[in-house]
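How do parts of a protein model meet one another? The report below takes up that question, one contact at a time.

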Amino acid sequence: MVHEIILAGFGGQGILSAGRILAYAGMLDGKQVSWLPSYGPEMRGGTANSSVVISDNPVDSPVLNSCNALIVMNRPSLDKFESVVEEGGIIIIDSSIVDRDIKRSDIASFKIPATQIASDMGNMAFANIILLGKLISERKTVTVENFEKALYAVLPERKHNLIPDEMKALRIGMEYAAE
Amino acid sequence: MGQKLLMKGNEAIAEAAVRAGCLHYFGYPITPQTEIAHYMARKLPKVGGVFLQAESEVAAINMVYGAGSTGTRVMTSSSSPGISLKQEGLSYLAGSQVPAVVVNIVRGGPGLGGIQPAQSDYFQACKGGGHGDYRQIVLAPSSVQELYELTVEAFNLADRYRIVAMILGDGILGQMMEVVEFRDEEPIEHYEKPWATTGHGGAREQNVITSIHLSPAVLEKMNQNLQAKYEIIKQKECRYELYNHEEAELFIVAYGTVARIAKSVIEMAKREGINVGLIRPVTLWPFPQEAFEKVIDRAKAFLTVEMSSGQMLEDVLLAVNGRRKVYFHGRMGGMVPVRDDIMNIVRDIYKRHVKKAE
């Protein structure tokens, strides 16, 4: 199984770090992984995206022209990437921010008001983790155990006190009955 | 092997340099390689080294010239437009035979171009971007692991031959994260450097590091010495990878990021019963002619794929020397070749050269 995942949203929503956490957890699961950020000038205040590959075999190309899972945290990202999801793939949408449904019928979509839920939890920065939760429950991308370890490895030490709450956010995402 | 880390390519280069005993880094920031400078700024002071952000790329390469003249391990890094500015310095380093490691994380050109990945500095790196009859060793990694290993190797090669060793990457390799497994101990080669300007308190004759020789006879002799050295490097230091080559009749030739994409094309082709091999030059200079000799009898055609208008293509044509047809596919300006596009070309070449013959 090769997980080819694109994560996209505004700069500042934790799109790049969500990708890094996922890749790190994949590494701990014993998989081959790559993470590639967009590094264009659009990153400042505009859209950001990162491509993650998690595979049993060496990763041929970190550049994704198509993917089998997409997480979008803003409308421009859905507009840009909806068409590159392979048939049978999934799109996970932060429906607190994205105000439209997907147009295609050959892929599945899951709408979660992640930013609203995170805000109710008291920390908007958990929205990306909630969406990753849905990804993990739908696609078994990485194990929950190693996801937690990856949080400790990737996040700076001053944020480690937040990790128990991040794991709560992950479980909320995993169990959320999305439309 | 030792520690495993998930690391950016640029960080892996910097960590490798420190591990290889690099004590001095001079540079000027430019996307997509600035993380190298960040990393060196953090690390070098802790190991007794010097990090200095120069006022320009021209200043940085001349600082490299100065530090390298003392025989200590030194590095600079930049991306395409910045490397253009360093060309005068690189020519002086070659003329004076001062070892140094230079990293070019290539972006699209010409001019200021863009910041997305490209391979359009192949000519500049391999054919002499500066003036004079000189060469530099050019290493082309295709993974973060290889960025680490080849950077360590670049320092050894630079010292072994008193030459500039260049790491030629691209924006993807610099920016991507992959798992790197670090060795417990680096294979650092130590060389006597009796030529270095180290200070001697009158105990020996003065060492002079210079590239100026106003007598044509002396300058020609110096050039002949350089050429003899380059000949030895050609004999001894060619590196390449042959992939899926045992049964293949068609060969893709690609380096760096594009070689990875080529490998995914090879897997696609296998599923269609088309057997494609890969020649991946790891040294771009010296160019690995030997890899072509190993497969030429069986090869029916070659396909060179690059993120350029066809620069390595010229060396491939020289290596094949008219014996087989060589095709080319290239993208420019920061666009990356797409595996489906390459696969379409492979199918076409297969029909023309293999299927017809059967």
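## Two helices in chain A

Two residues are in contact if their C-beta atoms, placed from the backbone, lie within 7 Å. Keep that cut-off in mind while looking at this predicted model. In helix 3 of chain A, the residues A114(A), T115(A), I117(A) and A118(A) take part in one such meeting.

Two packed helices are described by the angle between their axes and the distance between the axes. Helix 3 of chain A covers residues 114–121, and helix 4 of chain A covers residues 127–139. Their axes are 8 Å apart, and the packing angle is about 125°. Helix 3 of chain A is therefore oblique to helix 4 of chain A. The crossing of helix 3 of chain A past helix 4 of chain A is right-handed.

## Where chain A touches chain B

How many residues of chain A are in contact with chain B? Chain A has 16 residues in this contact, and chain B has 17. On the chain A side, helix 1 (15–28) and strand 2 (32–37) each supply at least two residues. The largest share comes from strand 2 of chain A, with 5 residues. Sorted by class, the chain A side has 10 nonpolar, 4 polar and 2 charged residues.

Strand 2 of chain A also pairs with a strand of chain B. The partner is strand 8 of chain B, residues 177–181. The pairing is antiparallel and runs over 2 bridges. Take W35(A) as an example: its bridge partner in strand 8 of chain B is M177(B).

## Two domains in chain B

Chain B is divided into domain 1 (4–236) and domain 2 (241–355). The C-alpha centres of these two domains of chain B lie 29 Å apart. Their contact takes 27 residues from domain 1 of chain B and 22 residues from domain 2 of chain B.

Which elements of domain 1 of chain B give two or more residues to the side that touches domain 2 of chain B? They are helix 6 (122–126), strand 6 (137–139), strand 7 (164–170), helix 8 (171–175) and helix 9 (216–236) of chain B. Helix 6 of chain B gives the most, with 4 residues. By class, the domain 1 side divides into 15 nonpolar, 8 polar and 4 charged residues.

Technical notes
Residues are numbered from 1 along each chain as its sequence is written. Chains are lettered from A and ligands numbered from 1 in the order in which they are written. This is a predicted model: local features need pLDDT of at least 70, side-chain atom pairs count only at pLDDT 80 or more; totals for chains, interfaces and linings use all residues. Axes are lines fitted to C-alpha atoms, for helices over the stretch in contact, and angles run from 0 to 180 degrees between N-to-C directions. Angles under 35 degrees count as roughly parallel, over 145 as roughly antiparallel, 65 to 115 as roughly perpendicular and the rest as oblique. A crossing is left-handed if the near helix is turned anticlockwise from the far one by less than a right angle, and right-handed if clockwise. Ala, Val, Leu, Ile, Met, Phe, Trp, Tyr, Cys and Pro count as nonpolar, Asp, Glu, Lys and Arg as charged, and the others, Gly among them, as polar. Two strands pair if DSSP finds at least two bridges between them. Domain bounds come from an automatic or database domain assignment.
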